[in-house]
Amino acid sequence: MTDADPRFPPLSDQPGFLLGQFGSYTGGRFGELLAPLGISPRHFGMLRMLREHDGQTQQQLCETLGIHRNVMVGLVDELEKRQLVERRRHPTDRRAHAVYLLPAAHDVLVRAQQAVTVLDGELFADIDPEERATLLRLLQRMAASNGLRPGIHPGLTHERMRPC
């Protein structure tokens, strides 16, 4: 066996790889925690957006989340089947439908937020609060400098794809 080639450092020494590895693990674990609630991380993102801006039209949600209209229709259909949201005629635009949270969605959101707390506890168990605060600031800065929208997961939006 030959000596290590310095042009190819171990992947475990490359921050981009570690972030990708950790992101993949985190997404999978989050999906596991949400599964008993009957939702996925994508549903959680949509429900959180509606919690903050209930009654948006599908087009508005599509634009806010950067989701293609076909993906939006599918997500809303799935959430309607779970009786978490409903479409209603928009009050001022007869051509549009607004999406509203149903009472069951509020309970699911509380339980999903508890799953977020559990996940954070697992992920950061070995990091003290000061280190965690530093890591959070660094990640927020990195996200902003790379053009990521706060609170919008690129896995939900397909950021690099053209929306609506």
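Which residues line the second largest pocket? Select Thr57, Gln58, Gln59, Cys62, Arg69, Met72, Val73, His90, Asp93, Ala96 and His97. This is a predicted model, where local features need pLDDT of at least 70, side-chain atom pairs count only at pLDDT 80 or more, and totals for chains, interfaces and linings use all residues. Residues are numbered from 1 along each chain as its sequence is written, and side-chain values use heavy atoms, without hydrogens or water.

**Second largest pocket**

Colour helix H3 (58–65) and helix H4 (69–81), the elements that give two or more residues to this lining. Helices are DSSP runs of H or I, at least four residues, numbered from the N terminus. The space here is about 170 Å³. A pocket is an open set of points on a 1 Å grid where a 1.4 Å probe fits, with protein on both sides within 12 Å along at least five of seven lines; lining residues have an atom within 4 Å of a point. Volume is the space filled by probe spheres set on the points.

**Gln58**

Now pick Gln58, in helix H3. Gln58 is buried, with a relative accessible area of 18% (buried means under 20%, with a 1.4 Å probe and protein chains only). Show its contacts (heavy atoms within 4.5 Å): beyond four places in sequence, Gln58 touches Met72, Val73, Val76, Arg87, His97 and Val99.

**Largest pocket**

Move to the largest pocket, with about 2,100 Å³ of space. Centre on Thr26, Leu139, Ile152, His153 and Pro154, the closest to its centre among 42 lining residues. Then show helix H1 (15–34), helix H2 (41–52), helix H5 (103–123), helix H6 (129–145) and helix H7 (154–157); each supplies at least two lining residues.

Note on methods. Buried < 20%, exposed > 50% of the residue type's maximum accessible area, 1.4 Å probe, protein only.
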